[in-house]
Amino acid sequence: MKCELLSLNGFIKEMTEVSSGPHPRKFCFVLGAGASKASGIKSGQELVNLWEKDLLERNKESHLQWKEQLKINDTNKYSFYSQYYERRFKRPMDGYNYLEKIMESAKPSVGYVMLSYLLTHTRHNVVITTNFDHLIEDSVNYYEHVIPMVIGHESLAHYVTKEINRPMIVKIHRDLLLDPKNRTAELDVLHDNWRKALENLFSEYHPIFIGYAGNDHSLMDFLNQNVDKFSSGEWKFPYWMLYKTDGMSEMVSAFLEHSDGYLIRHNGFDEVLYLLGAAFEYQLPAREEFLSDAQKRFQILSDSIDAFTEKALAEPEMVRGEKERADEKTEDGQEVEDAIQKITSQGELQSLFNKAIQLDNLGKYDESIKIYKELIKRNPDNSRYHYGFGVMLHRMERYEEAMEEKQRAIELEPENAGYHASLGVTLHEMKYYEKSLEEKQKAVELEPDNAEYHHNQGLTFYVMGRYEDSKKESEKALKIDPDNARYHESLGMALHKMGCFEEALKEKQKAKELKPDNARYHANVGVTLYAMERFEEALKEVEQALEMEPENKQYLASKESILSAMKSDIETNE
């Protein structure tokens with residue numbers, strides 16, 4: 001038996017159709033690390049890549065020997081997540097500390113917002129996840145104002161029954177704050193408590209696997225051991241979602257082949273959940289409605305602080321319980337006043353910062369500059385203020401000043417990849433190409449899986465005439481984001497300069513296919529066709545570009561060159 005392919009639209013239609021009626025079906029979501037990537041949490045594969053780099057830096061020879069012993073290679077290394085984790089963190093506490101730090105700033109993406117809606121407004125109210133983060137419960141709390149039941153430890157698994165009346169989140173590798181499972185021995189076997197819980201769930205809910213690569217043995221072994229229950233109908237057959245052109249592990253392939261399930265290709269967790277949200281009639285709440293509860297809470301906070309502030313500042317001499325002259329502050333009284341100033345000024349500064357950004361976006365630079373200068377005066381060690389100011393100065397083409405502000409931001413926050421990348425862009429505009437490359441390379445080192453950073457580095461290589469290097473960076477960007485038209489265009493331009501016209505044409509045509517309404521992509525295809533002396537095809541492309549941008553002087557000049565070449569070609573043949 002082999003799994004059946006199902007389109008994403010077909011799946012969504014089926015799910016909505018069978019969710020109502022006299023015999024409705026229920027679905028649950030099985031999430032892996034891929035679901036959290038858009039929310040700012042690195043996937044298991046990204047973590048393995050980071051740890052690989054760390055381990056090579058610590059002791060390259062020892063690490064390579066270790067990989068050889070375990071027969072780890074670039075193809076299978078992601079299935080050795082737990083082994084990498086153990087080798088990278090000898091002390092479990094260091095590992096937990098590392099994971100907490102990378103997850104603490106994560107914010108739920110739109111996919112989690114839609115998921116919280118489905119969990120609270122449909123019968124599809126269960127999530128099973130191998131993740132440790134709190135994105136699901138945060139979303140349910142933030143956006144639906146409902147308290148979900150979180151089963152974050154196997155000792156709580158008995159609360160997972162067949163009758164579930166509120167949103168439930170089942171964390172089979174435990175919650176981040178409850179000693180999460182990362183080590184090999186912990187991930188090899190699924191705890192018996194979880195087995196019973198999953199039996200209850202799969203007998204009632206069709207599992208939708210998304211963002212889950214199936215690289216851990218605990219869950220995948222359990223699934224494969226019980227595959228007959230899925231195919232026989234004892235358990236509800238599964239739907240497995242696979243990202244774009246990603247391959248699947250042997251364990252996943254074996255499960256799908258024998259479970260009578262469906263395989264669905266998709267373009268990302270956020271897109272799938274967004275489409276599901278629309279299909280189940282999610283509506284964005286009115287701003288006033290959404291903010292009313294937060295405004296009430298803020299008013300209570302504000303009123304309590306105002307009451308304290310009024311009393312403390314009106315009678316500072318009473319702080320020590322002794323009556324003194326009103327114009328003489330006690331030491332304690334001054335500390336209270338300083339504390340009040342510190343607390344109440346934070347909201348004001350954030351409001352000013354937001355206003356500066358808004359004015360910048362509206363092109364009201366003079367007003368924005370005044371605010372940025374005031375912010376930096378009041379808090380000179382805030383990297384965001386310097387960076388935001390630098391970005392605006394760059395837009396104004398005041399590159400020297402922009403460079404200084406961005407450099408200051410980096411001094412304050414040297415590990416921020418975005419700051420380095422942005423400084424590299426400014427240095428590029430200033431034609432300081434070597435310095436630009438240094439900053440862009442630093443950004444790539446900090447975030448090697450960021451496609452845009454590789455692409456930006458490639459652009460600087462290109463203007464320096466280092467076309468081979470430019471080509472390599474574009475290829476790296478495309479490996480991460482294969483459907484980005486700009487990256488295909490950049491690769492095509494580098495190949496064109498290298499004289500590889502056939503390959504260049506292929507890349508430029510791919511960019512045009514992805515963005516057919518972009519005039520520049522048509523014109524660039526024409527440039528390569530012209531170089532290949534395929535003048536009639538080149539003329540068609542340039543004319544299409546001119547239909548979109550009839551006043552573009554560059555395209556008009558290209559058309560004249562092509563017509564002139566065609567005329568010369570005819571005269572030569574005569």
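**Selected loop and helix residues**

E397 is located in the loop that runs between α17 (383-395) and α18 (399-412). The model in which this residue is described is a predicted one. The points below treat E397, then K71 in another loop, between α3 (60-70) and α4 (81-88), and finally R486 in helix α23.

- The phi angle of E397 is near 65°, which is a positive value in a residue other than glycine.
- E397 counts as exposed because its relative accessibility is 57%, and the cut-off for exposed is over 50%.

**Loop residue K71**
- K71 belongs to the loop between α3 (60-70) and α4 (81-88).
- Its phi angle is near 60°, a positive value in a residue other than glycine.
- With a relative accessible area of 66%, K71 is exposed.

- R486 is part of helix α23, which comprises residues 485-497.
- R486 has a relative accessibility of 32% and therefore counts as partly exposed, as this lies between the limits of 20% and 50%.
- Apart from neighbours within four places in sequence, R486 is in contact with E452, H455 and Y521.
- R486 and H455 are separated by 31 residues in sequence, while their C-alpha atoms are 8.7 Å apart in space.
- A polar contact of 3.5 Å joins the side chain of R486 to the side chain of H455.

Terms used. Residues are numbered from 1 along each chain as its sequence is written. This is a predicted model: local features need pLDDT of at least 70, side-chain atom pairs count only at pLDDT 80 or more; totals for chains, interfaces and linings use all residues. Side-chain values use heavy atoms; hydrogens and water are left out. Helices (H or I, at least four residues) and strands (E, at least two) are DSSP runs, numbered from the N terminus. Buried means under 20% relative accessible area, exposed over 50%, partly exposed in between (1.4 Å probe, protein chains only). Contact means heavy atoms within 4.5 Å. A polar contact is a pair of N or O atoms within 3.5 Å; within protein, one must be able to donate a hydrogen and the other to accept it, and residues adjacent in sequence count only if both atoms are side-chain atoms.
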